[in-house]
Amino acid sequence: MSVILQISDTHFGTERQPVAEALLVFAERLAPDLIVVSGDITQRARPAEFAAAAAFMARLPDCPQLVVPGNHDLPLFDLWSRLLSPYHGFTRCFGDELAPQCVLPDLLVTGVDSTRRLRHKRGEISHAQIESVSRRLRRARPGQLRVVVVHHPLDVADPVDAPEIVHGAREAVSTWALAGADLVLSGHVHAPLCRPLAERYGAVARGAWAVLAGTAMSTRLRGGHPNSVNVIRHDVVGGERRCLVERRDFDEQRREFRLAAVQPLRIGG
């Protein structure tokens, strides 16, 4: 079995320290095979915020980490830096690769940078990015869970958040699903979601799922949702692929991340 811990929208600079500490305890107990961080790591892309984020991630369990930027990880008020070196803070802490990939025996996970220096909030996935991810997905071995990680979502639960769906989503869904994508992990709207992309896009989604995480530790809670993270478990038993998505919410009274929901996923072969 492989276990993925999805952390999103930490927004360092607005982090709740007791929640951050509880997440470290939970992650240590979980011992994931891969940690995915789906963007908005900082609140305003300030050096101190990136430094705090890097220090936190260094305390997570010793396993691969796949990190993609979010719109908050580009400078907002420093327009000169936003135009000339928008990813300087991110790459300084997390490396130059904005579209990272991780391959494990039963996982193929590929990241996409949906941020744009001229778009403060809205995201975009270009045709070239869509095709690049498709080529990666097609290289997956039989039995591997094929996962795409992007900050801006391809689906949302609340109609009020529909404008936050990434530009290029329909082309991405149809192309990636055809290439065999099982899950698309994202964040941005701070509202957890786990449902088939076919509910929004119809048959072109071909069995792919949208999996959104809430804000892991920020004070920027929305819609009554608590701080939360996702755990994805994948296994192949007797030739049958099994996948579960668990939502873990922060319990204010117990000061720990507790199981809030479990969603078994029907995924392809």
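**Ground rules.** Because the model is predicted, I took local features only at pLDDT of at least 70 and side-chain atom pairs only at pLDDT 80 or more, while totals for chains, interfaces and linings use all residues. Residues are numbered from 1 along each chain as its sequence is written, and side-chain values use heavy atoms, with hydrogens and water left out.

**Overall fold.** I found seven helices and 12 strands in the protein chain; helices (H or I, at least four residues) and strands (E, at least two) are DSSP runs, numbered from the N terminus. The C-alpha trace spans about 50 × 45 × 35 Å along its principal axes. Of the 269 residues, 57% count as buried (under 20% relative accessible area with a 1.4 Å probe, protein chains only; exposed is over 50%, partly exposed in between). Among contacts (heavy atoms within 4.5 Å) between residues at least 6 apart in sequence, 73% join residues at least 24 apart.

**Cores.** A nonpolar core here is a set of buried Ala, Val, Leu, Ile, Met, Phe, Trp, Tyr and Cys residues joined through side-chain atoms within 4.5 Å. Which members of the largest core touch the most others? They are Leu-5, Leu-23 and Phe-56, out of 33 residues. Strand E1 (2-7), helix H1 (17-30), strand E2 (34-38), helix H2 (47-58) and strand E10 (228-237) each give two or more residues to this core, and H1 gives the most, with eight. I checked Phe-56 too: leaving aside residues up to four places away in sequence, Phe-56 touches Phe-12, Ala-20, Leu-23, Leu-24 and Met-217. A second, separate core has 30 residues, including Ala-140, Val-166, Val-173 and Ala-210.

**Helix H6.** Val-173 turns up again among the buried residues of H6 (residues 169-178), with Ala-169, Ala-172, Thr-175, Trp-176 and Ala-177. The partners they pack against include helix H5 (127-138) and strand E6 (145-150). Just after H6, Gly-180 takes a positive phi of about 105°.

**Second largest pocket.** I noted 19 lining residues, with Asp-161, His-188, Val-189, His-190 and Arg-222 nearest the centre. On a 1 Å grid over the protein atoms alone, a pocket is an open set of points where a 1.4 Å probe fits, with protein on both sides within 12 Å along at least five of seven lines; lining residues have an atom within 4 Å of a point.
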